[in-house]
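I opened the notebook today to record what I looked up about how the parts of this structure meet. The entries follow the order in which I went through it.

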There are 2 protein chains.
Amino acid sequence: MAVKYTLLKECPHTGARAGILHTPHGDIETPIFMPVGTLATVKTMEPKDLKEIGAQIILSNTYHLYLRPGHQLVKKAGGLHKFMNWDRPILTDSGGFQVFSLGDLRKITEEGVEFRSHLDGSKHFFTPEKVMEIQNALGSDIIMAFDECIPYPATYEYAKNSLERTTRWLKRCIAAHENPHSQALFGIIQGGMYLDLRTQSAEEILALDLPGYAVGGLSVGEPKEEMYRVLEHTVPMMPKDKPRYLMGVGSDDALLEGVYRGIDMFDCVLPTRIARNGTAMTSHGRVVVRNAAYSEDFTPLDQNCNCYVCQNFTRAYIRHLVKCNEILGLKLISYHNLYYLLDFMRKIRQSILDGNFPQYYKEKIKLINEGREK
Amino acid sequence: MAVKYTLLKECPHTGARAGILHTPHGDIETPIFMPVGTLATVKTMEPKDLKEIGAQIILSNTYHLYLRPGHQLVKKAGGLHKFMNWDRPILTDSGGFQVFSLGDLRKITEEGVEFRSHLDGSKHFFTPEKVMEIQNALGSDIIMAFDECIPYPATYEYAKNSLERTTRWLKRCIAAHENPHSQALFGIIQGGMYLDLRTQSAEEILALDLPGYAVGGLSVGEPKEEMYRVLEHTVPMMPKDKPRYLMGVGSDDALLEGVYRGIDMFDCVLPTRIARNGTAMTSHGRVVVRNAAYSEDFTPLDQNCNCYVCQNFTRAYIRHLVKCNEILGLKLISYHNLYYLLDFMRKIRQSILDGNFPQYYKEKIKLINEGREK
């Protein structure tokens, strides 16, 4: 198998666990947050910046790379790692989420999804086979099955039909996947907010014995409590010797709650997206640094942070850059936000290894909630 | 005096010379190109990037910093060096060029220039005294006198009146300058394209015994041959023991021609501005990397370049980034273009020290012209 998971330690009081995910491009210490590099670049960040902040794996988007620059071009370049000069692991999603998010621009059939490009309206057709062809060309270490990420809320019938199709599509993905020895195909458990459907999906997907599994269809607009309820139901069904990936989650509280419930891998555009709006993630909540309140604040974004940005630049300077639309401002906040989340995950992991995750969890959730109320 | 120039070597066949400019924030090896950091940031570049490419001094703009974030805020931050986290030398211009470029938005009197902000139309008044106050607050190592940069073409009478006012304003700058021991005030020789007026201006300005002098009013739209003609006339009048600065010049051929005629310092937004349009400066001419011709070109921006960008990224990847409006694309080309010019200046300097500048000049001008004809 292309990837292998080693479980190092389980928290006896929660679902939290620490492990190592071995991949063709190196080991990943889990639990881990994966920065998102939509178009073969984590926005504003150079590969060396990503290494500096300790990024061990990044995520990139099949839908976007298929449209620009095209997977055939990436293949000609020697694969995605070489194209973007990133020699550590890469996970690519299946494009499912992006395609289904196109709304009126797409039509779902049993064969696949016909959609129009959000860029130029041109017509395209994604099938499980096509999505495998694209991800095989990209050469990412972990590739995701083509699934349907259903909207919230969805009817029981819709959710059931969809999850069953997702299982059928997964079987077609497995059949079409050309590089199972160098690229690990992860299955995705769906079922919406219906616990019995989550059970059905888990049983069907897990029966196919894949190198890893994701919980999909969460963080799509439902209250966080709903997400946690689905995780509490679903994760315990997942095997202990395989990595568990919660897709599209990146707020600090949700990462902590996800780890609490047994998740190993997360990704989200949140840290880089809010950075570009001038908002920093800090140990005391979010700081909207573009606000006038920070114009003469000569302290770092986060006084508890050891990152390069917090060691070298002030809120006043970064605010000035953001107000002037200077690219460096976006870069500095993106860098800090990603460092903040990666460092947070390192601390979570260490607390699991040290046997005091429950205490760490309690303290952190309290701090996060206090920061939110400020 | 705040700065001191040591002449190391003169080319016996041309005006070229190599030296060291000692400043409160370190020594600068001349001839030198100064990257422009308009708003307290060299666009897209971090201070550590600037050090990596060997930038020894940067330029920042009084007019822009006065408007945003305001010189008083920069002073509160501990000065411009601390505000932007750049501990090497900084030169600030006087705002003269920007203010005069405002056209209908400004009115010149003997007292100074009334102008409206290009941002919000608010009314402001720059005098020699005000411009000294601003630059004293910024704390830059080298500050420029408030002069009038006249348009091209200009009548003889306009040029003469203007240069005489520039001399009177320079005397007011000297009187108002509060930190002559930590900030070196450079005078600016004007006179347009009229050689006798250049002589008059040089005589008036040089009589005031300042730590350095600039040749202003060039690179304002005149043919390059005109600029070289004015330099050939003016530079020989300038003292050998003071640095000579040609303002606003940054194309590789003009740098070479400037050094040939005895110039030590240059600045220009060109390398970063054309980078943001997707154009790279290379040893074989400019490469418009956003062009379709480079979509599958897996070679570096410049095969003869040793910079981080050329060692790690291909034209195809950078083109992809530029086409997708990814910030990293602008950053990578900016980085390379600045490295290209700084490295070019290092080579020019070395050829002067090695005693073979004339030969280097001849080969390079030939290469540059061939690149242009391609």
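**Entry 1: the kind of model.** I note at the outset that this is a predicted model, and I read every value below as computed from it.

**Entry 2: chain B against chain A.** I began with the extent of the contact and found that chain B contributes 36 residues and chain A contributes 36 residues. Together the two chains bury about 3,300 Å², and 59% of that area lies on carbon and sulfur atoms. I then looked up which elements of chain B take part, and those that each supply at least two residues to the side touching chain A are α1 (47-52), α3 (71-76), α4 (80-84), α12 (308-312), α13 (315-323) and α14 (327-353). Of these, α13(B) gives the most, with five residues. Sorted by class, that side of chain B has 19 nonpolar, six polar and 11 charged residues.

**Entry 3: charged and polar pairs between the chains.** I counted eight salt bridges across the interface of chain B and chain A, and I also noted 16 residue pairs in polar contact there, with both residues at pLDDT 80 or more. Over all chains the structure holds 50 salt bridges. I picked out two of the pairs between chains to inspect by eye. In one, B:Glu46 is bridged to A:Lys331, with the closest N and O atoms 2.4 Å apart. In the other, A:Lys43 is bridged to B:Glu326, again with 2.4 Å between the closest N and O atoms. This second pair runs from the loop between β4 and α1 of chain A, where A:Lys43 sits, to the loop between α13 and α14 of chain B, which holds B:Glu326.

Entry 4: How are the two copies related? Chain B superposes on chain A by a rotation of 180° with 0.0 Å of shift along its axis, at an RMSD of 0.0 Å, and the copies are therefore related as by a two-fold rotation axis.

Entry 5: The domain assignment divides chain A into domain 1 (4-267) and domain 2 (275-368), and their C-alpha centres lie 26 Å apart. Their contact takes 37 residues from domain 1 of chain A and 29 residues from domain 2 of chain A. The area buried between them is about 2,700 Å², with 74% of it from carbon and sulfur atoms. I noted that A:Ile53, A:Asp252 and A:Leu256 supply 26% of the area that domain 1 buries against domain 2, more than any other three residues.

**Entry 6: polar pairs and elements between the domains.** Here I counted two salt bridges between domain 1 and domain 2 of chain A, along with nine residue pairs in polar contact, both residues being at pLDDT 80 or more. On the side of domain 1 that touches domain 2, the elements giving two or more residues are β1 (4-10), β2 (17-23), β3 (26-30), β4 (32-35), α1 (47-52) and α10 (252-260) of chain A. The largest share, seven residues, comes from α10(A). By class, this side of domain 1 has 19 nonpolar, eight polar and 10 charged residues.

**Entry 7: a return to A:Lys331.** Besides its salt bridge with B:Glu46, A:Lys331 also meets A:Asp49 in a salt bridge, at 2.9 Å from N to O.

Conventions. Residues numbered from 1 in each chain as written. Chains lettered and ligands numbered in written order. Predicted model: local features only at pLDDT ≥ 70, side-chain atom pairs only at ≥ 80, totals over all residues. Heavy atoms only, no water. Contact = heavy atoms within 4.5 Å. Buried area = accessible area lost by both parts, 1.4 Å probe. Salt bridge = Lys/Arg side-chain N within 4 Å of Asp/Glu carboxyl O. Polar contact = N/O pair within 3.5 Å; in protein donor to acceptor, adjacent residues only side chain to side chain. Helix = DSSP H or I, 4+ residues; strand = E, 2+ residues; numbered from the N terminus. Nonpolar A, V, L, I, M, F, W, Y, C, P; charged D, E, K, R; others polar. Domains from an automatic or database assignment. Least-squares fit on C-alpha atoms with pLDDT ≥ 70 in both.
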